Amino acid sequence: MSRIGKKPVTVPSGVTATVDGQTVKMKGPKGQLQFLVHDDVEVKFENGQVRVAPRSETKRARSLYGTARAQIANLVEGVTKGFEKKLEITGVGYRAAMQGKNLQLALGYSHDVVYQIPEGITIAVPKPTEITITGIDPQRVGQVAAEIRAYRPPEPYKGKGVKYAGEFIFRKEGKKK
């Protein structure tokens, strides 16, 4: 059985939680999120806590209820604190800048890459080589970070490209004469 799934998700003050059938909705200071729980998982809201349990003892139900609990915990964290990913740009002439509501990236191509920022995501560029992505939905924040990184992933010889902050790039030695 899942050890994470057994823990209840405590709803802090300032956050409104509603469970309507299989839909869990959270509303807090940063915004509103909802999650549709799978039919094999039972969801209850009582005494300021959201509890999940498998409806049956099938392998599928037992594997899904820990995931459902983690998703609900992410809803609570998203509407209270939000999520953040940082990217670092390495390379001569590689830089990022905000251009209105778009992110403009110079990544060594013959043209600048212009990334349109999706709704609900905030991007800040504190330095030309740093990008900070924030939002309330962890899936969307991670997806935007992955899309930006995919324009020029870090290469193993010189380490040039866009990488996550703290990501280790396995370096290779170049060919010898």
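Predicted model: local features only at pLDDT ≥ 70, side-chain atom pairs only at ≥ 80, totals over all residues.
Reader: Nice. Where do R149 and E167 sit in the chain?

Author: R149 belongs to helix α3, which covers residues 138-150, while E167 is in the segment after β13. The two are 18 residues apart, and the pair links distant parts of the chain. E167 counts as partly exposed, at 21% relative accessibility.

Reader: How many salt bridges are there by this rule?

Author: The count comes to six. Among them is the one between K163 and E88, whose closest N and O atoms are 3.4 Å apart. K163 lies in strand β13 (residues 161-164) and E88 in strand β7 (residues 83-90), so this pair also joins distant parts of the chain, 75 residues apart.

Reader: Is K163 buried or exposed?

Author: K163 is buried, because its relative accessibility is 17% and the cut-off for buried is under 20%.

Reader: Got it. Which residue does K127 pair with?

Author: K127 forms a salt bridge with E130, and the closest N and O atoms are 3.4 Å apart. K127 is partly exposed at 46% relative accessible area. E130 counts as partly exposed too, at 26%.

Reader: Let's zoom out. How many helices and strands does the protein chain have?

Author: It has three helices and 13 strands.

Reader: And what is the radius of gyration of the protein chain?

Author: The value is 21 Å, whereas a compact globule of 177 residues would have one near 16 Å. Taken along the principal axes, the C-alpha atoms fill a box of roughly 65 × 40 × 20 Å.

Reader: What share of the 177 residues is buried?

Author: Buried residues make up 33% of them. The chain exposes about 11000 Å², and carbon and sulfur atoms supply 50% of that area.

Reader: What about contacts along the chain?

Author: Looking at contacts with a separation of 6 or more, 50% come from residues 24 or more positions apart.

Reader: Which residues does V141 touch?

Author: Leaving out residues up to four places away in sequence, V141 touches F83, E84, K85, I121, I133, T134 and G135. Take F83: it is 58 residues from V141 along the chain, yet their C-alpha atoms are separated by 7.1 Å.

Reader: One last topic: what is phi of N47 near?

Author: Phi of N47 is near 55°, a positive value in a residue other than glycine. Most residues other than glycine have a negative phi.

Reader: Where does N47 lie?

Author: N47 lies in the loop between β5 (41-46) and β6 (49-54). N47 is exposed, with a relative accessible area of 77%.

Technical notes:
Residues numbered from 1 in each chain as written. Heavy atoms only, no water. Helix = DSSP H or I, 4+ residues; strand = E, 2+ residues; numbered from the N terminus. Rg over C-alpha atoms; globule rule 2.2 N^0.38 Å. Buried < 20%, exposed > 50% of the residue type's maximum accessible area, 1.4 Å probe, protein only. Contact = heavy atoms within 4.5 Å. Areas by Shrake-Rupley, 256 points an atom, 1.4 Å probe, with all protein chains shown as cover. Salt bridge = Lys/Arg side-chain N within 4 Å of Asp/Glu carboxyl O.
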